Amino acid sequence: MNSRLEPNRGRIFSMYKHLFFDLDHTLWDFEKNARESLADLYQAFSLHTSNISELSAFQQEFSVVNKRYWSLLERNEITHEELRRRRFRDTLVNLGVDADETFGLQLNEAFLELLPQKSHLIEGAIEILDFFAPNYELHILSNGWQHVQARKISSSNIAHYFKEVITIERAEARKPDKKIFDYAIQVTNAKLSESIMIGDNFEADILGAINAQMDSVFYNPDNFEATQKPTFEIKKLIELKEIL
């Protein structure tokens, strides 16, 4: 893999004018916010009276199941509706709870109401947004739903940094589909040579950007072994200051 701070092809850093950020797991701390929301659900639905004796087990199993379903979704192997219908049911069943899809949907709807109200951001997010905002146009490019992502952005008080918030509803496509990147370039009046995608998901953000011929920064705190080289790779958001 290329060095974390070395581009894999020549690049004049000042040519970048448009920074496209993924939201969940890149700027907005999905895992921390989800854990808090799951704790609220655990209490509200009295899950401690079922076979789930520990909140931590519920949080950990949901994280595993949710990541698996999102990976399937990004490969177009399931629909978004299937993800919503199954992820909580599977979480409970895996923990030994006799749960059907109806109860799973109840939990999912409550989760989607709670989650966007949480405000935790990834370490360094505000610092790098403050750093780049004066000289770049910042945008969100997300596979989330418009109203949910807008609430997350509002709750964490970062809406003022972004010119465009581009989601699957607006683009009628999801990363890694080239169409969502093409839409992002069009709606922002950007040029590919002036644009870079910054995200944590190798399949959606990095392979999507590569396919769209857009430069990319792979935010990779977990040392995922990439099969293709992003333009840059970082472990902490603050490292963006060194390469852009």
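**A cavity, a pocket and a helix pair**

The residues that line the largest cavity divide into four nonpolar, two polar and two charged, where Ala, Val, Leu, Ile, Met, Phe, Trp, Tyr, Cys and Pro count as nonpolar, Asp, Glu, Lys and Arg as charged, and the others, Gly among them, as polar. The model is a predicted one, in which local features need pLDDT of at least 70 and side-chain atom pairs count only at pLDDT 80 or more, while totals for chains, interfaces and linings use all residues. Residues are numbered from 1 along each chain as its sequence is written, and side-chain values use heavy atoms, with hydrogens and water left out.

A cavity is here a set of points, on a 1 Å grid over the protein atoms alone, where a 1.4 Å probe fits but cannot get out, whereas a pocket is an open set with protein on both sides within 12 Å along at least five of seven lines; lining residues have an atom within 4 Å of a point. Searching the whole structure gives one cavity of 30 Å³ or more, and the volume of the largest cavity is about 40 Å³, a volume being the space filled by probe spheres set on grid points that are joined across faces, edges and corners. Its lining consists of Phe30, Glu31, Ala34, Arg35, Leu38, Gln59, Phe62 and Ser63, and helix 1 gives the most to this lining, with five residues. Helices (H or I, at least four residues) and strands (E, at least two) are DSSP runs numbered from the N terminus.

The largest pocket has a volume of about 1200 Å³ and is lined by 46 residues, among which Asp24, His25, Lys67, Asp200 and Asn201 lie nearest its centre. Helix 2 supplies the largest share of the pocket lining, five residues, and the lining as a whole divides into 17 nonpolar, twelve polar and 17 charged residues.

Helix 3 (80-94) and helix 4 (101-114) are also among the elements that each supply at least two residues of the pocket lining. These two helices pack at an angle of about 105°, with their axes 8 Å apart, the axes being lines fitted to C-alpha atoms over the stretch in contact and the angles running from 0 to 180 degrees between N-to-C directions. Helix 3 and helix 4 are therefore roughly perpendicular to each other, a term that covers 65 to 115 degrees.

Asn108 counts as buried because its relative accessibility is 0%, buried meaning under 20% relative accessible area with a 1.4 Å probe and protein chains only.

Key: Buried means under 20% relative accessible area, exposed over 50%, partly exposed in between (1.4 Å probe, protein chains only). Angles under 35 degrees count as roughly parallel, over 145 as roughly antiparallel, 65 to 115 as roughly perpendicular and the rest as oblique.
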